[in-house]
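Dear colleague,

I am passing on the structure below, followed by notes on what turned up in it. Please read them with the model open beside you.

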Amino acid sequence: MQQPDPTPRPALHPDTVAVTAGRPPRVQGRPVNPPVVLSSTYVSQGIPGDELLYARAGNETWVPFEETLAALEHGTHAVVLGSGMAAIAAALGDVPPGGTVVVPRHAYQVSLGYLDDLARRHNVEVRRVDVADTDAVLAALDGADLLLAESPTNPMLEVADLPAILTAARERGVTSVVDNTFATPLGQRPLELGADVVVHSVTKYLAGHSDVVLGAVVTSDDAIADRIQAYRTLHGAIAGPLEVYLALRGLRTLHLRVERAAANAAELARRLDAHPAVAEVRHPSLPHDPGHRRATAQMAHFGAIVGVRPVGGPAAADAVVAAVRLWLPATSLGGVESMLERRRRFATESPTVPEDLLRLSVGVEDVEDLWADLAAALDAA
Ligand SMILES: Cc1ncc(COP(=O)(O)O)c(C=O)c1O
């Protein structure tokens with residue numbers, strides 16, 4: 001876990017932070033990148049304290065990644081874990097048996113599945129809300145223990161009024177957790193908007209190359225950070241050093257990748273919106289999108305996930321997925337390569353997600369090549 005930095009940092013631009021944070025000290029002849037430490041244990045006399053003892057409890061390769069992510073999210077502590085779901089499970093670890101959690105009805109389906117499991121095993125009440133409906137969220141927060149928010153949501157891209165719901169959660173003593181996977185810290189920094197905790201599927205934009213599965217929790221609350229770190233050690237929900245090295249390498253270009261992917265996404269959303277074979281496009285960049293005004297006010301970019309419903313329903317959607325040659329049919333997002341999938345092919349996806357919704361994760365390829373492939377698949381569907 002990253003230790004709080006006692007020296008005041010100059011206010012660097014986030015793009016500079018992504019490149020410069022977490023570097024080793026400048027020492028003549030020493031590497032500019034942190035080394036990968038492959039060791040399950042450390043030489044130790046067993047003296048308790050901060051020293052490294054055993055690699056389930058701490059690994060030097062975690063630290064530079066954690067420092068960089070904490071700096072980007074403007075938190076004081078980041079804790080890297082073995083997956084985004086491990087991060088979410090850790091962040092939900094304080095929900096008491098019989099407690100209450102508020103969550104968007106269109107949150108990531110496995111997060112919802114995890115909450116269903118808590119409901120079954122620990123009698124936790126799960127209040128699923130339309131997170132874009134601020135009054136509904138505020139009403140649901142009464143008597144709740146924890147809010148697990150997504151904005152934009154996966155896969156419907158609803159945009160919450162984060163300042164309003166996070167302030168309301170704080171006023172009611174409800175712990176707030178924001179899954180910032182879609183927006184990234186370059187799109188929004190929920191801790192500054194009042195969140196207690198940020199979680200990430202590092203697998204997605206932060207690592208950015210579809211080659212690792214990792215998660216992270218970020219907070220400025222010392223007690224929460226201690227608890228998350230203890231969760232990681234006790235549950236063994238740890239990240240491998242090689243994966244964390246790759247994630248830090250990816251994080252160095254987060255700003256370049258996200259800027260290009262978001263620009264590609266906005267352009268494709270605009271073209272899809274005008275295409276006769278498309279019934280609906282969801283992307284906050286579109287002026288008619290329900291989340292457009294809020295996203296414009298709250299976010300530095302509109303993100304690179306686009307929802308598309310082709311004319312012709314689920315069969316047409318499946319035909320598009322089968323016809324693309326450049327886009328990859330696969331279930332992930334946030335990589336440099338463009339991917340798409342029909343979400344309801346999963347029986348566990350929320351039934352209020354339309355059967356024919358394609359989730360596009362727009363990558364950093366040339367936008368004309370992406371468009372030509374997609375338009376040809378739509379024409380053929
Ligand atoms: C928004 C969101 N949160 C969390 C997760 C879970 O992350 P992981 O697959 O790294 O466990 C995902 C995965 O798709 C996601 O999209």
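What does the side chain of E365 reach at 2.7 Å? The backbone nitrogen of S338 lies at that distance.

E365 sits in the loop between β12 (358-361) and α13 (367-380), with helices (H or I, at least four residues) and strands (E, at least two) taken as DSSP runs numbered from the N terminus. Beyond neighbours within four places in sequence, its contacts (heavy atoms within 4.5 Å) are R260, N264, V336, E337, S338 and L370.

As for the whole protein, its secondary structure comprises 13 helices and 12 strands. Of its 381 residues, 54% count as buried, and among contacts between residues at least 6 apart in sequence, 70% join residues at least 24 apart. The C-alpha trace spans about 70 × 55 × 35 Å along its principal axes.

Residues are numbered from 1 along each chain as its sequence is written, and side-chain values use heavy atoms, leaving out hydrogens and water. Because the model is predicted, local features need pLDDT of at least 70 and side-chain atom pairs count only at pLDDT 80 or more, whereas totals for chains, interfaces and linings use all residues.

Best wishes

Definitions and conventions
A polar contact is a pair of N or O atoms within 3.5 Å; within protein, one must be able to donate a hydrogen and the other to accept it, and residues adjacent in sequence count only if both atoms are side-chain atoms. Buried means under 20% relative accessible area, exposed over 50%, partly exposed in between (1.4 Å probe, protein chains only).
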